[in-house]
Amino acid sequence: MSELSEQQRAASLLDAQTKALQLFSEIATDLVRPGISEKALSDEIHELGARRHGIKTHWHKRVVRSGPNTLQPYAENPPDRTITADDILFVDLGPVFEAWEADFGRTYVLGDDPVKKKLRDDLEPVWKDVKAQFDGKEDITGHELYAIARRAAENAGWEFGGAHSGHLIGNFPHERIPNDKKTLYITEGNHDRMRSLGKDGKPRHWILEIHLVDRERQIGGFMEQLLTVG
């Protein structure tokens, strides 16, 4: 098979994200509800993805977090919890569509709690603010963008909950370096230019993650999607 152009690579990543968006719409409509445990919901998501979308592989673990578990970053594995009628929860998935990785996260609120709704509703404006600053600086580093994400969270009245605010994405499996927690992430200490080329000489693509938390109220919200395409 001939090598894909950069335009084709970007289109494939965007297509994978579009398919993930449809999957998340179905999760919100058909699956998210009180009285189900996080693990059971994760299992239902896996079954729905396989049955309706032909998803056979997720390139990272499925993450379903609710209530105080929403404070925990991806790397943690908090105890399973049952979703309640007045809850906040987020879902973070990495489905692979036709050999292209998606990485997508969204937050849902059950009930009418105004603070939880504000937290959910602040995620997209913060994400867009950070992306705009990325777009505005050609030579920006991961270190700089992580600091921007933290400031944007604070400006919105929240704390940034993660040790990084995103990572590389691509053709499955994407570029990895064992035990490298810096250069492949948008995080403190990564002073590499995010727009530098990958090992294959091609432009690298990134996911931007926003994790907002209120530790006093024990709630958090999460959103992630493509930063460099779309």
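Trainee: Where does Glu124 lie?

Mentor: Glu124 is located in helix H3, where helices (H or I, at least four residues) and strands (E, at least two) are DSSP runs numbered from the N terminus. The model is a predicted one, in which local features need pLDDT of at least 70 and side-chain atom pairs count only at pLDDT 80 or more, while totals for chains, interfaces and linings use all residues. Residues are numbered from 1 along each chain as its sequence is written, and side-chain values use heavy atoms, with hydrogens and water left out.

Glu124 has a relative accessible area of 41%, so it counts as partly exposed (buried means under 20% relative accessible area, exposed over 50%, and partly exposed in between, with a 1.4 Å probe and protein chains only). Although Glu124 and Ile210 are 86 residues apart along the chain, their C-alpha atoms are separated by 8.5 Å.

Asp122 also belongs to helix H3. Its relative accessible area is 15%, and therefore Asp122 is buried. Setting aside neighbours within four places in sequence, Asp122 is in contact with Ala156, Trp158 and Leu212, contact meaning heavy atoms within 4.5 Å.

Helix H3 covers residues 114-135 and packs against helix H4, residues 142-155, at an angle of about 145°, the two axes being 9 Å apart. Here the axes are lines fitted to C-alpha atoms, for helices over the stretch in contact, and angles run from 0 to 180 degrees between N-to-C directions. The crossing of H3 and H4 is right-handed, a crossing being left-handed if the near helix is turned anticlockwise from the far one by less than a right angle, and right-handed if clockwise. On the H3 side, Val126, Asp129, Val130, Gln133 and Phe134 take part, and they meet Leu145, Ile148, Ala149, Ala152 and Ala153 of H4. The residues of this contact divide into 8 nonpolar, 1 polar and 1 charged (Ala, Val, Leu, Ile, Met, Phe, Trp, Tyr, Cys and Pro count as nonpolar, Asp, Glu, Lys and Arg as charged, and the others, Gly among them, as polar).

The bridge partner of Leu212 in strand S10 is Gly221. S9 and S10 pair in the antiparallel sense over 8 bridges; two strands pair if DSSP finds at least two bridges between them. They form a hairpin with 4 residues between them. Gln218 is placed in the loop between S9 (205-214) and S10 (219-226), and its phi is near 60°, a positive value in a residue other than glycine. Gln218 counts as partly exposed because its relative accessibility is 38%, whereas 8 of the 8 residues of S10 are buried.

The nonpolar interior can be described next. A nonpolar core is a set of buried Ala, Val, Leu, Ile, Met, Phe, Trp, Tyr and Cys residues joined through side-chain atoms within 4.5 Å. The largest such core has 29 residues, and those with the most contacts inside it include Ile45, Leu89 and Val91. At least two of its residues come from each of helix H1 (6-31), helix H2 (38-53), strand S2 and strand S5 (104-109). H1 gives the largest share of this core, 8 residues. Apart from it lies another core, of 28 residues, among them Ile88, Leu123, Val130 and Ala149.

Not counting residues up to four places away in sequence, Ile45 touches Ile27, Leu31, Val64, Val91 and Leu93. Two of these are bridge partners: Val91 in S2 is the partner of Val64. Strand S1 (residues 63-66) joins S2 (residues 88-93) through 4 bridges and runs antiparallel to it. Both faces of S1 are covered, with Val63 and Arg65 buried on one side and Val64 and Ser66 buried on the other. S2 is also joined to S5, by 6 bridges and in the antiparallel sense, and there Val91 has Arg106 as its bridge partner in S5. Of the 6 residues of S5, 5 are buried.
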